[in-house]
Amino acid sequence: MFRSRSKDEQAATAKVTADQPQQPRDPQAPKGRPTPKRSQAQSQRRTRAQSAPANRKEAVKAQREARRADMARQREALAKGDERYLPVRDKGPVRRFARDYVDARWCVAEFFLPVAVLILVLAMVRVPQIQSIALILWLVVILLIVLDSIAVWIGLTKRLKEKFPNENLKGVKPYALMRTLQMRRLRLPKPQVKRGERP
């Protein structure tokens, strides 16, 4: 009853203690290890207290720095097309394929902004013939954008069904159409294919 433990039992206890991770346990979980000495528990608490920010101001500053680092990493990923750090909206092989499909072709919608500026300048000229030309040009551009968007929608739908038959395609086609509205050099993530390349 009061005899000392054998060396085998002591070795087994030491092995169990060494294998256990040094982290707080769930209060509902069974213990499965010896209680740490008071000095060990206090040193663990001190270590956690030192790693935590001292006050609210420091915590906010640390959070702001972490957010800034994440944003910088995301910007770099958008510039280089690095899949690991892209925003959720741009991640995945399906979204990448949609981007490549749009970037590989000429789209009418990408020229909308410069043409709109030109039409606006023409509309401000006080000559009725030029104003009517600006109005007709405006209608032609809108019609061409609608027709081109329909072509992109149909072509992309067909290619996605061939290439990703079992993937969730929700939101991919609107995502691609929004990309067609941006000028090629301003698109993010940056285009990874040349015009005319088949993705």
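Trainee: Is lysine 57 buried or exposed?
Mentor: Lysine 57 is exposed, with a relative accessible area of 70%. Keep in mind that this is a predicted model.
Trainee: Okay, and which element is lysine 57 in?
Mentor: Lysine 57 sits in helix H3, which covers residues 56-80. On the surface, Lys57 gathers with Lys61, Arg64 and Arg67 in a patch of positive charge.
Trainee: What about arginine 73, where does that one sit?
Mentor: Arginine 73 is in helix H3 as well. Arginine 73 counts as partly exposed because its relative accessibility is 37%.
Trainee: Let's zoom out. How many helices and strands are there in the chain?
Mentor: Seven helices and zero strands. Buried residues make up 22% of the 199 residues.
Trainee: And how many of helix H4's residues are buried?
Mentor: Nine of the eleven, so H4 (residues 93-103) is mostly covered; the cut-off for buried is under 20% relative accessible area. Among the buried ones are Val94, Phe97, Tyr101 and Val102.
Trainee: What do the buried residues of H4 pack against?
Mentor: They pack against helix H6 (128-163) and helix H7 (172-180).
Trainee: Which residue does aspartate 100 meet in a salt bridge?
Mentor: Aspartate 100 meets arginine 96, at 3.9 Å from N to O. The two are four residues apart in helix H4, so about one helical turn separates them. Aspartate 100 counts as buried at 12% relative accessibility, while arginine 96 is partly exposed at 28%.
Trainee: What does aspartate 103 pair with?
Mentor: The side chain of aspartate 103 meets arginine 187 in a salt bridge, 2.8 Å from N to O. That pair links distant parts of the chain: aspartate 103 is in helix H4 and arginine 187 is in the segment after H7, 84 residues apart. Both of them are buried.
Trainee: How many salt bridges are there in the whole structure?
Mentor: A search finds ten. Another of them joins arginine 159 and glutamate 162, at 3.9 Å from N to O. Salt bridges that share partners also tie Asp103, Glu110, Arg179, Arg187 and Arg195 into one network.
Trainee: So what's the nearest side chain of opposite charge to lysine 173?
Mentor: Glutamate 162, and it is 14 Å away. Lysine 173 is buried yet has no salt bridge.
Trainee: Last one: which residues does the cis peptide bond join?
Mentor: Leucine 188 and proline 189, with omega at about -5°. Proline 189 lies in the segment after H7.

Conventions:
Residues are numbered from 1 along each chain as its sequence is written. This is a predicted model: local features need pLDDT of at least 70, side-chain atom pairs count only at pLDDT 80 or more; totals for chains, interfaces and linings use all residues. Side-chain values use heavy atoms; hydrogens and water are left out. Patches are made of residues with over 30% relative accessible area and no salt bridge: like charges are joined within 9 Å, nonpolar side chains (Val, Leu, Ile, Met, Phe, Trp, Tyr) within 5 Å. Accessible areas come from the Shrake-Rupley method with a 1.4 Å probe; for residues, only the protein chains shown count as cover. A salt bridge is a side-chain nitrogen of Lys or Arg within 4 Å of a carboxyl oxygen of Asp or Glu. Lys and Arg count as positive and Asp and Glu as negative; His and the chain ends are not counted. The place of a charge is taken as NZ of Lys, CZ of Arg, CG of Asp or CD of Glu. Buried means under 20% relative accessible area, exposed over 50%, partly exposed in between (1.4 Å probe, protein chains only). Contact means heavy atoms within 4.5 Å.
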